[in-house]
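Have the structure open alongside as we go.

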Amino acid sequence: MVKRKTSKLFQPRVFMFVIVIGMMILALLGIINLMTGKTISVNREQVIVRQAPDTTSEALVEIEAGTEVRMVEESDGWARVKVNKQITGWIPQWLLNRSDLVNDQDLGAQLLIETSVYSEKNETSEVLTSLAAGSYILVDEEAAGWLTVSIQMDDDQISRTGYIPTRLVNLVTETLALTKINENKLADLSRYDAEAIAWARAEDDSVVIVKQNNEPVLEGENYYDDVLFYAEAGDEFSLVGDLATYANADYYLIEDEAGGRGYINSDRVQVSTYSIGRLDLPVATELSEAVIMLDPGHGGVDTGALSWDGESEEKVATLEIALVIKEQLEAEGATVLLTRGADDYLELAERTEASNVSKVDLFISLHYDSSEDSYWSGTTTYYYHDSDKLFAESVNQELDIQTLENSGVVFGNYHVLRENTRPAILLELGYMSNYYDVDLIFSEEYQTDIATAIKTGIENYFVEVSAIQTANLDKSE
């Protein structure tokens, strides 16, 4: 009889070892299951389950306060959860126990330590800049342990996108961050810099000044909404809302002293912020000393108004008249600059920036009007700042004696006037939609007469300016 050997697998000691290892594996699996299968009680509103651990990721569902969800895994401040045994997605753990945060969209950050802003979501990437400990910054998004922020670079004054590790900040609401940022800006300003301080304060307390009588204040940002009351020229209100647009018109949300609110057409009001830091009068006291900027409206892809027959463009007419005016002003010794000397397209901001940076004495924007009513005809002079009304009146007085009917001096809420820090007016020198006006607009005689009128108006204005400056000097002595 052959005696068989017993398999080592069934030897008592080996068998016991296998059982122990198996029990340890089962125990470990149980611990993992407890860790990743635990429930989370969501005890606050506005917790959104998102497709990915990113505040800009697709929203799957909003969890009601008091709901318990099962956590599947944790990663970089986010929890992957299962809701109602059906929906699986991500919620930010940093939001769950924070009653001060409204939701995962309304975010700012306070830097806990001096913090580097990286060019990528990688701490070995290029450092764009460093932010001081305790400073505040707005947050564009939070994703998997990284904040995306926009920073202003000192060297080129442009906004750059950067990244900050979330662990280095205290997340706060956007409102708190904005408040702290504005407070810090004001604190950083020199106490001798009155203009800068005024700007900082004005951003939080802009005043809207009504520029004409019987201006309706509406219940909503719609011309057809109910009229709450009629404001008079000179009435002042607090600006409490950004521009709202309806049917190509812009409206400001304003508030009176009693807290009543309504909407008013932005074209009929002046905002006080834009008057800060302006030059009320030119530095020069006569035409021969002046630096004058002419702004031929439109240009490039922006044709402006077309003539009644579609054959002529406003951009051509404005450049033609600008060159004639330039020639006459230079003949009197003035230095004349053009925002454009060819068929170039310019943004409105580029035009005002050219005026502000060049520190000109006067700025004149040149345009031609248009209307669906082909009978409308004539010239109009617009101003925005109260201090520019004298300039407008001096020029318009000369335009009033020209061939075309004159509509007078009118307040106009135009970008090139509103955001200009130099004395500025805008001229509408005829109607492209009127066949009689168009014949004049492109005639050499009319262009010469208009240029002469503008030159004379400026000369008369400088006489007034000289008298005002002399009177101011006498008062100061």
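## What makes each label fit

Q: Why is K359 called exposed?
A: The relative accessibility of K359 is 60%, and exposed begins over 50%, so K359 counts as exposed. Keep in mind that this is a predicted model.

Q: Where does K359 lie, and what makes its backbone worth a look?
A: K359 lies in the loop between helix 6 and strand 25. Its phi is positive, about 55°, although K359 is not a glycine. Most residues other than glycine have a negative phi.

Q: Which phi does N214 have, and where does N214 lie?
A: N214 is not a glycine either, and has a positive phi of about 55°. It lies in the loop between strand 15 (207-210) and strand 16 (215-218).

Q: Why is the pair of Y382 and Y414 called edge-to-face?
A: A pair of aromatic rings is described by the distance of the centres and the angle of the planes. Here the centres of Y382 and Y414 are 5.2 Å apart, and rings pair within 6.5 Å. The planes stand at 90°, and the edge-to-face class takes angles over 60 degrees, so the pair is edge-to-face. The structure holds 10 aromatic pairs.

Q: What makes the pair of Y382 and Y414 a tie between parts of the chain?
A: Y382 sits in strand 26 (residues 379-383), while Y414 sits in the loop between strand 27 (406-411) and helix 8 (415-418), so the pair ties together parts that are 32 residues apart in sequence.

Q: Are Y382 and Y414 buried or partly exposed?
A: Y382 has a relative accessibility of 13%, and buried means under 20%, so Y382 counts as buried. Y414 has 32%, which falls between the 20% and 50% limits, so Y414 is partly exposed.

Q: Why is the pair of Y384 and F411 called tilted?
A: The ring centres of Y384 and F411 are 5.2 Å apart, and their planes are at 35°. Stacked needs under 30 degrees and edge-to-face over 60, so this pair is tilted. It links distant parts of the chain, with Y384 in the loop between strand 26 and helix 7 (389-399) and F411 in strand 27, 27 residues apart. Ring pairs link Y383, Y384 and F411 into a cluster.

Q: How do you know whether Y384 and F411 are buried or exposed?
A: Y384 has a relative accessible area of 1% and F411 has 12%. The limit for buried is under 20%, so Y384 is buried and F411 counts as buried.

Q: How do you know that the span of helix 5 agrees with its number of residues?
A: Helix 5 (residues 314-331) has 18 residues, which at 1.5 Å a residue should span 26 Å. Its end C-alpha atoms are 26 Å apart, so the span agrees. The buried residues of helix 5 include E314, K315, A317 and T318. Just after helix 5, G333 takes a positive phi of about 100°.

Q: What makes K315 and E313 a salt bridge?
A: Their closest N and O atoms are 4.0 Å apart, and the cut-off is within 4 Å, so the pair qualifies as a salt bridge. K315 counts as buried at 9% relative accessibility, whereas E313 counts as partly exposed at 27%. E313, K315 and D343 are linked in a network of salt bridges.

Q: What makes E255 and R261 a salt bridge?
A: Their side chains meet at 2.7 Å, N to O, and the limit is within 4 Å, so the pair counts. E255 is partly exposed at 22%, and R261 is partly exposed at 49%. A search of the whole structure finds 14 salt bridges.

Q: Which residues are closest to the centre of the second largest pocket?
A: This pocket has a volume of about 460 Å³. Of the 25 residues that line it, the closest to its centre are L348, N413, Y414, H415 and V416. The lining divides into 10 nonpolar, eight polar and seven charged residues.

Methods: Residues numbered from 1 in each chain as written. Predicted model: local features only at pLDDT ≥ 70, side-chain atom pairs only at ≥ 80, totals over all residues. Heavy atoms only, no water. Phe/Tyr/Trp six-rings, centres within 6.5 Å; stacked < 30°, edge-to-face > 60°. Helix = DSSP H or I, 4+ residues; strand = E, 2+ residues; numbered from the N terminus. Buried < 20%, exposed > 50% of the residue type's maximum accessible area, 1.4 Å probe, protein only. Expected span 1.5 Å × (residues − 1). 1 Å grid on protein atoms, 1.4 Å probe; cavity = no way out; pocket = protein on both sides within 12 Å on 5 of 7 lines; lining within 4 Å. Points joined across faces, edges and corners; volume = space filled by probe spheres on them. Nonpolar A, V, L, I, M, F, W, Y, C, P; charged D, E, K, R; others polar.
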